[in-house]
Amino acid sequence: MTNKNLLQISNLSKSFESSKGFFRKVKNEVKAVDGVSFEVKQGETLGIVGESGCGKSTTGRLIMRLIEGGKGKINFEGQDVQSLSTKDLRKLRRDIQMIFQDPYASLNPRHTVEKIIEEPLIVHKIGTKEERRKRVAEVMDVVGLSPYHLKRYPHQFSGGQRQRIGIARALVTNPKLIIADEPVSALDVSIQAQVLNLLKDIQVEFGLTYLFIAHDLGVVRHISDRVAVMYLGRIVEIAEVEELFENPKHPYTKALLSSVPVPDPTFEKQEIVLTGEIPSPSNPPSGCTFHTRCNSCMDICKAEKPVLQQIQSGHQVACHLF
Amino acid sequence: MKNEEIVEKEKTPFREFWESFRANRLALVGLGIVFFFIVIAIFAPLLTSYAPDSQNLADRLLPPSASHYFGTDDFGRDLFTRVVYGARLSLWVGFLSVLGSALIGTFLGIVAGYYGKWLDTIISRFFDILLAFPSILLAIAIVAILGPSLQNALIAIAIVNVPTFGRLVRSKVLSVKQEEYILAARAIGMGDTRILTHHILPNSIAPVIVQGTLAIATAIIEAAALGFLGMGAQAPMPEWGKMLADSRQYLTDAPGTLFFPGFAIMFTVLGFNLIGDGLRDALDPKMK
């Protein structure tokens, strides 16, 4: 792992507007991502965790500009992603690939495995027919699919195998960064480990960088080098994986970590139970958005938004306690 | 035995469709009927020694016999010959008009569904306007503008059916567009054209095939209706609807002049409807 930043994001925001009413338009704004900044170093895995609806998937899609209209800066290898033309954007998508959550929905049911994996090469006009075929065979071998799977259709595979197809598709163009959007959350637990290990293996083999989005803390701990915790569109804490899990600072991170089940019936754990629902992002609480559920809430928390600040080398927290 | 050899035969989507279609008896009957009429239409000159418009006024309104299987009409023309040649006209009108409306409708539907916004509004309102007219009335109006002939009837029927296909495709595209594999396609770096032709179209086409088969049946009836009203095929063309109209007054003297073309219409339409229902069950089980 080098110290070079492959991807740098500063102050990324995106709000979705919905308008209600026929004659009188009532605008409703939802801040899905609200001022997110982080960087991903070459060769590392940055995990992003958070409850559903916290904006982690939106962040991933904003980086690839699959969702347009994000504000803030996205810098990939010195290129300003936000200002790329449609043509250059398509070129960029050769270097950044994505693995999707639902392996049942992310593969076109009418294409054979061969076509699904070969398609990125066709789109980017890489190689001749022969070379492409060779590359597809290579990648299939890497992800553990057999050559006789080539002519089959996605519905003939199990969930784990389908996710391997999805990984092969992401791998085939030799990307630098892979954004994995909950790649194992739709799979059986027994299959999750296999797929995670596959992701780890190919990371080493091809020197890949991952942005790994998940809600499962165990999964994130297993695969990440650094972890960012998101709450209501904002990053509340970001640290090296061991540091974060052993020494969490933010009350939200502490509550999240205490909710992880421990496989030991005699273990008496001291769970911090969060009360209340996650607030609506269309009407977020004032100040620190977490103050409505925080058990160490102070007056300042209701008034002022905490900013992300360094409390130790590589450990940043957005909380007024620090 | 090696692992590779135990693998079952590869199932392509077409193979699966055919297996499910074949299990449907009624659909096979429909296929048989339609196939029968297609064969008749192709080999019409071999099936009869008469010409469809050769008159023999001495043999007017004869009952069915060995020399005239279906009897003769009011001009002494052989009815069997006319019904057989009529199959050519009806199938031609049915296929061609549906092909036209399916192509135009699918194109408009895809544009409206995929690009949305003002394009969608314009196209959808256009469909609404066309659908606001009773279809046969609209067809008559179009024929009235273009002038009565079989070809213009065909064009009119094609135009009338465009919104049916357009709406069907639009709604299908709207749902396919939201699928994750479309997002995946964009993430790969694919452009709109390839997404439309390789991903959206193949996944939206099944209901068009079903609707197309059913629409052929409707188109044949509409062509016959226009012919009956004098807005379609003109004399002496052996068009079934026109034949019905011409023989109306001889119903009591020579009922065959009405029955045979009538049955021909009924059976072709039945055949296409049975195929259409079978296709629907095989291609799109959710539509049942």
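## The second largest cavity

The second largest cavity holds about 70 Å³ of space. On a 1 Å grid over the protein atoms alone, a cavity is a set of points where a 1.4 Å probe fits but cannot get out, and lining residues have an atom within 4 Å of a point. Grid points are joined across faces, edges and corners, and a volume is the space filled by probe spheres set on the points.

This is a predicted model, in which local features need pLDDT of at least 70 and side-chain atom pairs count only at pLDDT 80 or more, while totals for chains, interfaces and linings use all residues. Residues are numbered from 1 along each chain as its sequence is written, chains are lettered from A in the order in which they are written, and side-chain values use heavy atoms, without hydrogens and water.

Which residues line the second largest cavity? Among them are B:Asp73, B:Arg77, B:Met243 and B:Thr257. Helix H12 (240-247) of chain B gives the largest share, 3 residues. Helices here are DSSP runs (H or I, at least four residues), and strands are too (E, at least two), numbered from the N terminus.

## The largest cavity

The largest cavity has a volume of about 90 Å³. Its lining includes A:Tyr231, A:His250 and A:Phe290, and strand S10 (residues 234-240) of chain A supplies the largest share, 3 residues.

## The second largest pocket

A pocket is an open set of points with protein on both sides within 12 Å along at least five of seven lines. The second largest pocket contains about 660 Å³ of space. Of its 22 lining residues, the closest to the centre include A:Glu68 and B:Tyr114.
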